[in-house]
Amino acid sequence: MNFLSLITLIFAPIAAALLILIPKFPNHQVKVRRFAKAFASLHFIYAMLFLVFFDTGLYGMSYEKELTFFNISWLKSMGISAKFAVDGISLLLVILTSFIVLITFVLSKMHIRTKHKLYYSMVFLFESAILGILCAKDMFMFFVFWELSLIPLYFLISQWGNSEARSAAMKFTLASFTANVFLFFAMLILYYYNFAVSNVLTANIESLSMDESIYPMWFQMLVFINFLIGFIIRVPFVFFHSWYPDIQSKSCAPVNILVSGTLLCTGVYGLIRFNLQIFPEIFKLFAPVLMCWGVVNIIYAGALSIIQPEIKKIAAYAQISMTGFVMIGLACLNQVGFNGAVFMTLALSIVFTSLYAIISSVQFRTKTTYLTALGGLGQVMPKCMYFALIICFGAIGVPFLITFAPKLMILSGAILSNLEEELMVKIVAITGLLAIIFASGYIMYLFYKVFCSVLLEQWKRLKDLSPQEMSVMTALCLVIIYFGVYPMSVIQIYQSVSNYLLDILQV
Amino acid sequence: MIESINGIVNDILNAYLPESIIIIFILFSLTASLFFNTSLYKLSKWFTLFGITLALGSTFFLPIDPDNMEIFAFNGEIVSSIYTIFFKILILMSAFFLTLLSRNLIREKRDRAFEYFTVFLCAVLFAMCTVSVTNFAGLFFAFEGLGLCSFLLLNFSKKTDAKQLSFGYFVQGNAAAFLFLFGISYLYGLCGQISFSGVSDYLAQTDSIVLLTFAFILILCVFLFKLGIVPFSSWVADTFEGAGYPIAAFMSTIPVLAGFGILSRLLLVFMNYLPVLKILFICIAMLTILFSALSAIRQTTVKRLMAYSMSVQSGIMLLGLSVFSVFSLSGVLFYLLCYMFVNIGVWAAIILFYDSCKRDNIEDYNGLIFHRPYYVIAFTTVLIALAGLAPTSGFVAKLYLFSAVARAGFLFLPFLIISMLACVIMIFAYWKLIRSMFRRVDTEVSIDTKIVSSKFILYACALASILLCIFADKIIQLCQSAAYYL
């Protein structure tokens with residue numbers, strides 16, 4: 001497995017982006033797209049090789065590699081180095097990212113009409129940034145990629161979105177930069193407090209997490225809250241969420257897929273990697289709060305979802321609502337709940353990617369996303385309707401589809417949880433059960449409104465899915481069904497990591 | 001007689017070589033302005049470039065004593081160490097770029113090209129002297145000489161309101177200079193000393209520091225003025241608006257380099273004995289960043305935006321200086337290095353744009369991505385670096401500077417986070433420019449491809465802003481050694 005290099009995996013998309021941008025590269029849309037698709041396929045295969053050779057018994061990081069430039073490591077005098085490694089959780093998300101980028105490229109043909117070179121290079125740059133976030137072993141390297149991901153995303157949203165996309169992109173970027181300030185601040189003081197205590201100048205995440213007892217409580221609290229603010233905006237959770245439906249409704253369909261599939265899971269990853277791993281004591285302290293927040297998330301965003309006039313916004317609020325389950329799973333502080341939470345992150349990415357893929361097909365044909373203008377499309381697009389049915393059932397959590405297992409695990413984790421506030425935990429578990437009904441409400445409402453009600457006159461001549469869309473939908477539905485039928489195939493990959501993290505939590 | 005000449009030659013070779021070369025070229029330029037024909041105006045640029053290159057090369061021949069890091073010359077009036085050589089190299093490099101950027105300015109005023117470069121070289125000379133003086137009298141001469149040269153350059157512009165707009169600089173500069181002199185006279189009255197080391201020795205013995213603090217705050221005013229820090233920053237936007245573009249680029253680079261070069265040497269004298277200055281400095285720095293960033297987002301012309309940008313960047317560096325440690329000082333040095341490249345890169349892009357179409361509103365940049373994608377990408381890179389975002393030199397510089405502040409103690413943390421939030425406001429101001437370039441509208445503006453020098457500087461600076469991020473470690477070590485031997 002020595003021939004697999006994470007450096008290649010992370011920086012190959014940047015190289016591809018630069019290659020596309022050079023003037024000599026043909027400015028012909030078919031050529032650019034074919035190159036991008038071929039490159040993304042190879043990248044996905046390469047990422048899969050990491051999974052094939054992955055040792056699931058290992059609880060730490062594997063495939064460790066350091067990036068050096070002519071044997072000079074990055075900022076060595078400050079104890080900061082460009083080291084990369086993956087564990088079970090991040091490996092899954094890496095493969096997911098590579099997969100979603102491939103899907104995005106396949107679906108881009110219909111939606112991207114201008115500035116092809118810029119578009120494909122920006123997607124590659126974004127992919128690199130996300131992979132860097134997931135693999136970085138060093139706090140500041142994490143932050144570099146965390147900020148790098150925003151710049152291509154700004155252009156992706158504003159350049160190819162609708163007429164209002166520009167202001168939405170600006171809002172998102174500014175909100176994210178503000179959140180990044182808190183993140184950066186927390187990293188800086190953690191870095192130097194660690195230096196003051198242990199006299200080792202390091203920004204390595206693993207070595208920061210070992211000695212939780214020596215930090216004073218108020219200091220841990222301060223840093224924890226700063227990290228929480230930084231990550232929660234990206235997850236996003238209720239009260240910090242307004243950018244997400246905004247950019248989803250205004251950007252073009254491939255960008256929707258990219259954002260819902262890859263961007264949001266990095267927020268959860270950050271919560272696990274920093275808040276949980278570095279501050280287990282404070283995490284335990286905050287667990288009831290986080291659990292309540294998760295419940296509020298489910299109900300509040302769910303209620304908002306039903307009243308939206310636009311399908312993209314419904315899907316966006318639905319995703320926010322379901323992310324509440326992830327928080328409940330993390331906060332119940334036991335094996336089942338934690339495993340469920342990680343699985344749920346993955347599942348939500350896949351399900352909502354698929355949902356946005358369906359929406360992209362609908363939007364491409366009807367040029368609208370408003371519920372009032374849609375209806376009865378199932379009569380003219382039966383294939384699309386069947387795929388949509390599988391995906392919507394997958395989102396609700398019907399047994400043998402992808403989100404069933406994680407939801408079950410999270411709820412059983414909540415019931416089994418031995419947090420001190422027993423009454424609250426029970427209430428949470430019951431509310432979570434109710435939320436499943438809630439979820440079926442908004443998702444099936446969307447399905448009914450788009451595919452089942454009266455067919456309008458102007459949509460009678462719509463064509464059904466093209467072979468390309470069919471291949472994408474088939475792949476996504478196969479993933480949804482496979483993980484629903486055989487959830488252990490995912491869980492066993494990160495089982496040892498979750499054991500290790502729960503050891504840190506001492507529960 | 002021969003001995004004294006020998007001594008002078010020795011002093012020049014030891015500590016004054018680049019300055020001497022610049023002086024020779026000033027004299028040459030002055031003579032040429034009297035006798036040369038106007039049609040030979042292009043020669044002035046090439047002679048200046050040659051002189052600066054020669055001076056830049058000569059800095060590598062300055063001796064560096066490994067044991068006793070400071071070499072004194074001219075009866076201890078001038079000092080030479082790694083630190084001053086570092087600053088001289090920075091100043092000469094930026095002068096080199098600025099000379100190249102002056103292409104269109106001297107095309108328009110051919111008859112005064114030699115005069116322009118005479119004054120320009122004088123300013124460079126004074127800037128280099130400023131960082132290496134050892135007493136307050138020399139500091140006054142050098143720094144005010146730099147101010148006077150700046151004022152002469154500001155009046156070089158063709159615009160009708162240029163003199164009116166730059167008059168604010170003159171008046172406020174003189175007021176600050178009076179305060180400076182007043183502070184020096186106080187200091188001399190209290191200590192009986194005028195050299196930095198003498199004042200430092202006196203401070204180590206005495207307990208009565210109230211009047212000394214007062215005197216030092218008076219002395220500080222002139223630095224705050226030159227760097228555009230908050231109580232004295234009102235001149236910045238107007239003066240930049242009136243100045244010609246290369247001169248505005250000059251104003252935001254060389255006085256800043258010289259100012260920080262000498263300010264950190266002065267603080268070495270005072271900071272350990274006057275701890276109240278730390279709080280004062282960090283308050284001023286925070287207010288500067290906040291105030292200038294809030295002003296910057298309301299501007300509609302690029303020049304005024306860049307004027308406030310200079311204030312913000314000075315504020316960030318002052319934030320680093322306010323916690324006075326080796327780390328923060330080397331952070332400031334690294335920040336200055338990055339700022340020099342990035343700032344000149346941004347100005348090169350602006351000058352290129354102005355020379356092509358004579359417009360300077362932010363809205364005039366609309367839709368440029370369709371005509372000149374590579375220009376826009378390079379410009380975006382340097383703007384992102386100036387804003388301090390991730391994969392560029394600006395980020396590493398900010399990381400290093402802010403980490404030094406965070407290291408200094410919990411007292412400084414509230415100031416740090418407010419400053420960092422204010423930097424986000426400034427990011428928005430820069431982002432407005434980027435946003436307008438990527439706007440989907442048709443524009444008849446196009447970039448003149450014949451101006452090779454500005455284009456070269458823009459692409460070189462964009463590349464440098466990436467490379468400085470990747471190879472930051474070596475340069476940080478260099479800055480650390482420079483700061484350590486101060």
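The C-alpha centres of domain 1 and domain 2 of chain B sit 24 Å apart. Domain 1 of chain B covers 1–168 + 240–263, while domain 2 covers 275–486; such bounds come from an automatic or database domain assignment. Keep in mind that this is a predicted model, where local features need pLDDT of at least 70, side-chain atom pairs count only at pLDDT 80 or more, and totals for chains, interfaces and linings use all residues. Residues are numbered from 1 along each chain as its sequence is written, with chains lettered from A and ligands numbered from 1 in the order in which they are written.

Helices here are DSSP runs of H or I with at least four residues, strands are E runs of at least two, and both are numbered from the N terminus.

Now for the two chains together: 26 residues of chain A are in contact with 27 residues of chain B. The chain A side gets two or more residues from each of α5 (139–148), α6 (150–160) and α7 (165–198) of chain A, and α7(A) gives the most, with 11 residues.

Next, the inside. The largest nonpolar core has 393 residues, and B:I91, B:A123, B:V124, B:L257, B:L336, B:V382 and B:M426 touch the most other members. Such a core is a set of buried Ala, Val, Leu, Ile, Met, Phe, Trp, Tyr and Cys residues joined through C-beta atoms within 7 Å. Buried takes 20 or more other C-beta atoms within 10 Å of a residue's own, exposed means 12 or fewer, and partly exposed is in between, with C-beta atoms placed from the backbone. α15(B) supplies the largest share of this core, 22 residues. At least three core residues come from each of domain 1 and domain 2 of chain B. Leaving aside residues up to four places away in sequence, B:V382 touches B:V342, B:G345, B:V346, B:A349, B:C461, B:A462 and B:S465.

Most residues other than glycine have a negative phi, and most peptide bonds are trans. A cis peptide bond joins A:V235 and A:P236, with omega about -20°. A:P236 is in the loop between α9 (217–232) and α10 of chain A, and that loop also holds A:F239. Phi of A:F239 is positive, near 85°, and the residue is exposed, with 12 other C-beta atoms within 10 Å. Over in chain B, B:K358 has a positive phi near 60°. B:K358 lies in the loop between α15 (326–357) and α16 (373–387) of chain B, and is exposed, with 9 other C-beta atoms within 10 Å.

Notes. Two residues are in contact if their C-beta atoms, placed from the backbone, lie within 7 Å.
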